[in-house]
Amino acid sequence: MDSTIPDENVVRIAVDLACRAPSVHNSQPWQWTYADGQLDLYTERGRVLASTDPSGRQLVVSCGAALNHLQTALKALKWSADIQRVPEGPHSGHLATIRFRHDARPQSHDFDLLAAIRHRYSDRRPFGPVSMKTPLPAALTDVARRQDVHLTVLGQEARPTLAKATEMTAAARKYDSAYQTELHWWAGHSTPQGGIPPEALATADNRDRVDIGRRFPAGRDAGATTEIDRSTVLVLSTDTDGRHEWLRAGEALSAVLLEATVGGLSTCPLTHTTELRQGREIISGLLPDRGFPQALIRVGATEKKSPPRQTPRRPVESVLSVGRPGFSR
């Protein structure tokens with residue numbers, strides 16, 4: 001056995017954990033191949049949301065989140081990952097090539113992050129505020145910066161602007177039949193292959209208490225502990241806007257979500273206000289560097305009396321091919 005190459009079981013475990021990453025509408029738009037000690041990550045074009053995400057930007061951000069989840073899992077398994085990003089250029093579906101070194105020395109916090117992969121979920125209910133009891137982790141800015149991504153913590157004075165961007169986006173898509181059909185296909189039902197089940201969607205009452213959330217179909221998650229949403233909103237942005245930056249933004253999204261989960265906070269990624277040009281421009285105006293906003297994250301406190309509402313994940317056998325060379329998608 002070559003000690004410099006992980007065996008298939010290690011790779012399967014790491015990929016399985018990587019696929020716990022969040023993705024737009026829980027579409028899980030990724031494919032992995034492992035052969036000759038090399039793991040490759042590809043987009044799954046059959047899972048692109050043509051109306052929600054025609055450019056494929058959110059697809060790549062989702063795959064970036066899975067890539068960071070993979071790194072986190074590998075480190076806890078004592079493996080380091082050497083990653084070549086977008087190896088075939090910006091128009092290829094080949095997003096990353098990963099090779100391994102068996103030299104990682106995980107610390108206790110690395111195992112906390114590993115546990116957070118399984119415990120994290122997108123909570124669409126209203127949150128209580130961050131506080132002295134549950135503050136924002138100090139490491140959030142640094143973990144984003146490691147991915148060449150900026151993290152901006154928006155103050156409450158930005159809330160009306162965020163609500164305006166949400167209202168503008170909802171109004172623009174209210175009569176967009178293709179968007180509405182796509183949204184209702186992915187949200188409000190449960191299949192083993194993905195989507196957001198009703199149990200993971202807020203009830204109509206709770207949904208309406210979050211003034212900056214995507215207007216998903218009403219669900220069954222009624223366990224809110226606050227009257228109105230008092231979350232803090234984080235913005236992840238990049239200096240330029242291309243496939244490499246989208247991937248990095250996804251990696252930063254994963255890292256921030258896991259750190260916040262370890263810190264005892266509830267989280268919900270928001271991407272609807274960055275899907276249309278007008279909304280993206282509004283969010284950009286809130287940033288000190290007026291960069292390209294890639295994703296927002298709502299962060300706050302909940303009592304978490306109910307168990308996590310896990311969304312379904314594709315079986316690892318359907319997303320990982322072993323022993324065959326990579327292919328372009």
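The model is a predicted one, so to read it: local features need pLDDT of at least 70, side-chain atom pairs count only at pLDDT 80 or more, and totals for chains, interfaces and linings use all residues. Residues are numbered from 1 along each chain as its sequence is written, and side-chain values use heavy atoms, with hydrogens and water left out. The chain splits into domain 1 (8-119) and domain 2 (138-300), with bounds that come from an automatic or database domain assignment.

**How the two domains meet**

- Taken over C-alpha atoms, the centres of domain 1 and domain 2 sit 20 Å apart.
- Domain 1 puts 36 residues into the contact and domain 2 puts in 35, where contact means heavy atoms within 4.5 Å.
- About 3100 Å² is buried between domain 1 and domain 2, and 61% of it is on carbon and sulfur atoms. Buried area here is the accessible area (1.4 Å probe) that two parts lose on being put together, summed over both.
- On the domain 1 side, His25, Arg57 and Arg85 lose the most area to domain 2, together making up 24% of what that side buries.
- Polar contacts between domain 1 and domain 2 come to 18 residue pairs, both residues at pLDDT 80 or more. A polar contact is a pair of N or O atoms within 3.5 Å; within protein, one must be able to donate a hydrogen and the other to accept it, and residues adjacent in sequence count only if both atoms are side-chain atoms.
- Helix 2 (57-76) and helix 3 (108-119) each supply at least two residues of the domain 1 side that touches domain 2. Helix 2 gives the most to that side, with twelve residues. Helices (H or I, at least four residues) and strands (E, at least two) are DSSP runs, numbered from the N terminus.
- Sorted by class, the domain 1 side that touches domain 2 has 14 nonpolar, 17 polar and five charged residues. Ala, Val, Leu, Ile, Met, Phe, Trp, Tyr, Cys and Pro count as nonpolar, Asp, Glu, Lys and Arg as charged, and the others, Gly among them, as polar.

**Salt bridges**

- Side chains of opposite charge can pair when their charged atoms come close.
- The count comes to 19 salt bridges, each being a side-chain nitrogen of Lys or Arg within 4 Å of a carboxyl oxygen of Asp or Glu.
- Between domain 1 and domain 2 the count is one salt bridge. Arginine 85 and glutamate 251 meet through their side chains in a salt bridge, at 2.8 Å from N to O.
- Arginine 214 and glutamate 275 pair up at 2.5 Å, N to O. This pair links distant parts of the chain, 61 residues apart: arginine 214 is in the loop between helix 7 (204-208) and strand 6 (232-238), and glutamate 275 is in the loop between strand 7 and helix 9.
- Arginine 214 counts as buried at 11% relative accessibility, and glutamate 275 is buried at 15%. Buried means under 20% relative accessible area, exposed over 50%, and partly exposed in between (1.4 Å probe, protein chains only).
- Arginine 298 bridges to aspartate 229, with the closest N and O atoms 2.8 Å apart. Arginine 298 lies in strand 8 (residues 292-300) and aspartate 229 in the loop between helix 7 and strand 6, so the pair ties together parts that are 69 residues apart in sequence.
- Both arginine 298 and aspartate 229 are buried. A network of salt bridges links Arg159, Asp211, Asp229 and Arg298.
- Arginine 209 forms a salt bridge with aspartate 205, the closest N and O atoms being 2.7 Å apart. Arginine 209 is partly exposed at 22% relative accessibility, and aspartate 205 is partly exposed at 44%.

**Single residues to look at**

- Threonine 271 is in the loop between strand 7 (266-270) and helix 9 (277-284), and counts as buried at 17% relative accessibility. Not counting residues up to four places away in sequence, threonine 271 touches Gln58, Arg214 and Ala295.
- Serine 237 is in strand 6 and counts as buried, at 0% relative accessibility. Residues touched by serine 237, beyond four places away in sequence, include Val149, Leu287 and Phe292.
- Valine 153 is in strand 5 (residues 150-154) and counts as partly exposed, at 43% relative accessibility. Leaving aside neighbours within four places in sequence, valine 153 is in contact with Leu136, Thr232, Val233 and Leu234.
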